[in-house]
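Here are my notes on the model, in numbered points. Have the viewer open while you read.

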Amino acid sequence: SCVHTENCFVPTSEIIAVEETEVNKKQRNIGKWQKMAKPHAFTVYYVKKARNHRWRCSDVTFWCVDEHLCNQWIQALKELLEMQKSRPKQLLVYINPYGGKRQGKRIYEQKVAPLFSLASISTDVVITEHANHAKDNLFEVNINKYDGVVCVGGDGMFSEVMHGLIGRMQKDSGIDQNNPKAPLVQCNIRIGIIPAGSTDCICYSTIGISDPVTSALHIIVGDCQPLDVSSIHHNNTFLKYSVSLLGYGFYGDILKDSEKKRWMGPMRYDYSGFKTFLSHHYYEGTISFQPAKHTLGSPRDKDSCRTGCYICKKSEQQLAEQHKECGLKHEEDEEEWKVIKGKFLAINAVNMSCACPRSPKGLSPAAHLADGSADLILVRKCSRFDFLRYLVRHTNQDDQFDFSFVDVYRVKSFQFTSKLSEDNESNVTDTGKKRFGQFCRDHPACCCNTANSTWNCDGETLDSSAIEVRVHCQLMKLFARGIEENCKDEAAYSQSSIEQLL
């Protein structure tokens, strides 16, 4: 019979591979092997959960005298793994060799490829050579051949692969992405992110840690996390998709300034952040939005999005029922829009918490990954000191929306037009514009800001002062499972799914 080295309980869903093990002569001379005439062994590779949502590949070897029994075990375990239908067998991998710390290729080859190989996953690897290489390539490849697309890089690389995959799906289905009201086709091909960039916000919000091995193991076990995606349009022209932060004012200005200082490395964000904070620009404009009436939660409740999130499931069902009842077109016209005019320091729309090591709760701690809504955060013009108080709240446990100058709404779509583009549309005469400019030069203390800000769309700049944004519920899927509730140590396995190996 089998003897075991330690008590080891592992859900079959978290076994990575099972392999026959050769017992060599050296090992045979060690105490426990000596009693056996000719030992036979097999090794089980499995997911070991460590602190802070970190996963590692661990292994345990079982051995016995009876060769037939040993083979029966190997066969039985391999059959169990075959039954895990959600696991990928063939992956398309894009590696950005230039992103972040330029470590993408090395990280993939040393830490990820051996694990894929162990799990018998075959891969087609593409090293990207220029911007949009992966995106363009996704329009050409035979996509049906793959169970998933993996991107090795930072948030920018993920964004490129996402644009390529969503774009390809719409093209194949004959849907015009330029039509802001077009219902988009869901992507059933999952995306995996192997973090190797300077910012890995999406990993933090969907897995809980930015770690290549952890991400690779989530891909191997075939996890699936649906994700809302926002589409951004201007004058019936598609601009971009966003999954994390869409920010105008403060976060847009930081990004615009930091782009000129790439030579500084990641430090550029601190420098640009401080400079932007001191400049304290506000921007005038009009926001109109449709409240997300279908969602169960609200931005100020304490219900964070976690693995198997109840709020996401229920909100998705209620949204589907709404669409069934009144049809998409009818609903668009009937439902009320709330309009807010004002002077804003920051306008942020987030589809997820946007948590990162510096801001462990993120910009909106109760934002959900897959509930078909975004949290719209409006920070009105206030003093520098008040704005600093608001920013500091992202790093501590206080309610960051508890300020008179901060409003937060859960929305399913919104539009923004800056005061400047409103004026331009209403054909302000040139003399009027000149006079306004003159007035500002004469009164520099008035702090008024005639220029537009830039949108920060998932870390990329977007120069458009008038945009239309719509949230598409669960448009795509990731190889992730959301953030697990109690992932403090190994004992955090869910008892219901445990298979006892012995």
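Which residues in H8 are buried? Pro-212, Val-213, Thr-214, Ser-215, Ala-216, Leu-217, His-218, Ile-219 and Ile-220 are, where buried means under 20% relative accessible area, exposed over 50%, and partly exposed in between (1.4 Å probe, protein chains only).

1. Ground rules. This is a predicted model, with local features needing pLDDT of at least 70, side-chain atom pairs counting only at pLDDT 80 or more, and totals for chains, interfaces and linings using all residues. Residues are numbered from 1 along each chain as its sequence is written, and side-chain values use heavy atoms, with hydrogens and water left out.

2. Overall picture. You get 15 helices and 19 strands in the chain; these are DSSP runs numbered from the N terminus, H or I with at least four residues for helices and E with at least two for strands. Of the 502 residues, 53% are buried. The accessible surface is about 24,000 Å², and carbon and sulfur atoms own 50% of that (Shrake-Rupley method, 1.4 Å probe; for residues, only the protein chains shown count as cover). Take the contacts between residues at least 6 apart in sequence: 79% of them join residues at least 24 apart. Contact here means heavy atoms within 4.5 Å.

3. Back to H8. This helix covers residues 212-220 and is mostly covered, with 9 of its 9 residues buried. After H8 comes Gly-222, with a positive phi near 75 degrees.

4. Positive phi without glycine. Asn-236 has a phi near 55 degrees, positive in a residue other than glycine. Asn-236 sits in the loop between strand E9 (225-234) and strand E10 (237-242). Asp-458 is not a glycine either, yet its phi is positive at about 50 degrees. Asp-458 belongs to the loop between strand E16 (455-457) and strand E17 (460-462).

5. Val-471. This one is in strand E18 (residues 466-478) and counts as buried, at 12% relative accessibility. Leaving out residues up to four places away in sequence, Val-471 touches Asp-228, Val-229, Ser-230, Asn-351, Gly-372, Ser-373, Ala-374, Val-411 and Lys-412. With Val-411, the sequence gap is 60 residues, while the C-alpha to C-alpha distance is 8.2 Å.

6. Arg-168. What is its burial state, buried or exposed? Arg-168 is buried, at 11% relative accessible area, and lies in helix H6 (residues 155-172). Its contacts, again skipping residues up to four places away in sequence, are Leu-138, Phe-139, Glu-140, Val-141 and Ile-143. Lys-135 is 33 residues from Arg-168 along the chain, and their C-alpha atoms are separated by 9.1 Å.

7. A charged patch. Glu-20, Glu-22, Asp-66 and Glu-67 form a negative surface patch. Patch residues have over 30% relative accessible area and no salt bridge, with like charges joined within 9 Å; a salt bridge is a side-chain nitrogen of Lys or Arg within 4 Å of a carboxyl oxygen of Asp or Glu. Asp and Glu count as negative, Lys and Arg as positive, and His and the chain ends are not counted. Each charge is placed at NZ of Lys, CZ of Arg, CG of Asp or CD of Glu. Asp-66 is in the loop between strand E4 (55-64) and helix H3 (67-82), and is partly exposed at 41% relative accessible area.

Notes
Patches are made of residues with over 30% relative accessible area and no salt bridge: like charges are joined within 9 Å, nonpolar side chains (Val, Leu, Ile, Met, Phe, Trp, Tyr) within 5 Å.
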